[in-house]
Amino acid sequence: MSEITPDTDARRIAREARDRVRFEEEALDLADQVYRVARHMVNSREEAEDLVQEAYARAFRSWKQFTPGTNLRAWLLRILTNINIDRGRKIQRTPDVQSLEAGDYYLFEKLEDSGGEITDEERVDERLSQDSIVEALSAVPHDFRDVIVLVDIGDFSYAEAAQILDIPVGTVMSRLHRGRRILKRQLAEEAVPDV
Amino acid sequence: MCNCEECEQFLQPYLDRQLTEAEVLEAESHLDECSYCRRAYHFEERLRMYVRRAASEPMSIELKRKLAALRISL
């Protein structure tokens, strides 16, 4: 039986402390990106802040489970998503979602019908306010919104989003496409009054 | 060459670079001819960038401070 000398033990503790500090610093550097995604996975800023705090508390406690060299940003988001689901977020059923969808040109068509041709030089924010984007996004059902938020806002790849949400890559892509169509339909309702 | 309806179907996979080479050519030959679809594609591109910008809310300094306080190593 080998005996651990005080010296080796001290070195091990020192190395672990160093690794922990590095982990915590790297995780904190990603907090802005984690918050940006969390903000639209729930409906209020307070809820998002609370969720991010719980995710970080959990991440700091279980830092040893993270494999160095793998994707820390995705690991943190996976923790956050699990907490969000544990909190009892209602799973929305897909059938009634169909009525929320419209074609991919729908919003464009409505905007041109109501305000004339959209030129290449015209800025999108002249037709759609920032608030209308946030409002419309919050009206997209969770399953679809999560994918939009991860891929289109958080810049995660399809594979990363699949890993975070624990769904197949094909599902990520179909939810993304349908989710964007739902978002545009909501935007049309927000921005063009007679829709 | 496809028509406007097919071109609408190609919109998302085209921008996501998910189309086959043949489909890209098909979509582009229609886009060359049709200014309506061209405007719709360009609008979609700019809309995506705008959604990203409009939905990116910075984290509060207070939250940043709270997260730092959760550190165990300090």
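1. Confidence in chain B. The mean pLDDT of chain B is 92, with 97% of its residues at 70 or more.

2. Chain A has an average pLDDT of 89, and 92% of its residues score at least 70. Within chain A, confidence is lowest in H1(A), with a mean of 90, and highest in H3(A), with 96. For the complex, the predictor gives an ipTM of 0.90 and a pTM of 0.87. Where pLDDT is low, the predicted coordinates should not be read in detail.

3. Secondary structure. Chain A contains nine helices and zero strands; read from the N terminus, its elements run α-α-α-α-α-α-α-α-α. Chain B has four helices and zero strands, in the order α-α-α-α from its N terminus.

4. Overall dimensions of chain A. The radius of gyration of chain A is 22 Å, whereas a compact globule of 195 residues would have one near 16 Å. The C-alpha trace of chain A spans about 80 × 35 × 30 Å along its principal axes. Of its 195 residues, 34% count as buried. Among contacts in chain A with a separation of 6 or more, 74% are between residues 24 or more positions apart.

5. Overall dimensions of chain B. For a compact globule of 74 residues the radius of gyration would be near 11 Å, but chain B has 21 Å. Its C-alpha trace extends over about 65 × 25 × 15 Å along the principal axes. Of the 74 residues of chain B, 24% count as buried.

6. Domains of chain A. Chain A is divided into domain 1, residues 6–86, and domain 2, residues 95–191. Taken over C-alpha atoms, the centres of these two domains are separated by 29 Å. Their contact takes eleven residues from domain 1 of chain A and 13 residues from domain 2 of chain A. On the domain 1 side, the elements that give two or more residues are H2 and helix H4 (72–86) of chain A. H2(A) supplies the largest share of that side, five residues. By class, the domain 1 side of this contact has four nonpolar, five polar and two charged residues.

7. The interface between the chains. How many residues of each chain take part? In the contact between the chains, 34 residues of chain A meet 28 residues of chain B. On the chain A side, at least two residues each come from helix H1 (6–29), helix H2 (31–41), helix H3 (45–61), helix H6 (130–138), helix H7 (142–153) and helix H9 (169–191). The chain A side divides into 17 nonpolar, five polar and twelve charged residues.

8. Helix H6 of chain A. Which residues of H6(A) are buried? They are Ile133(A), Ala136(A) and Leu137(A). Seen down the axis of H6(A), these buried residues fall within an arc of 100°, so they line one face of the helix. As background, an α-helix has 3.6 residues a turn, so residues three or four places apart point the same way. The cover over the buried residues of H6(A) includes H2, H7 and H9 of chain A, together with helix H3 (35–55) of chain B.

9. Arg180(A). Is Arg180(A) buried or exposed? This residue, found in helix H9 of chain A, is buried, because 26 other C-beta atoms lie within 10 Å and the cut-off for burial is 20 or more. Leaving aside residues up to four places away in sequence, Arg180(A) touches Ile148(A) and Gln12(B). The C-alpha atoms of Arg180(A) and Pro193(A), 13 residues apart along the chain, are separated by 20 Å.

10. Gln65(A). Gln65(A) lies in the loop between H3 and H4 of chain A. With 9 C-beta neighbours inside 10 Å, Gln65(A) counts as exposed, because the cut-off for that class is 12 or fewer. Between the C-alpha atoms of Gln65(A) and Trp75(A), ten residues apart along the chain, the separation is 9.9 Å.

Note on methods. Residues numbered from 1 in each chain as written. Chains lettered and ligands numbered in written order. Predicted model: local features only at pLDDT ≥ 70, side-chain atom pairs only at ≥ 80, totals over all residues. Contact = placed C-beta atoms within 7 Å. Nonpolar A, V, L, I, M, F, W, Y, C, P; charged D, E, K, R; others polar. Rg over C-alpha atoms; globule rule 2.2 N^0.38 Å. Arc of directions from axis to C-beta. Domains from an automatic or database assignment. pLDDT = per-residue confidence, 0-100.
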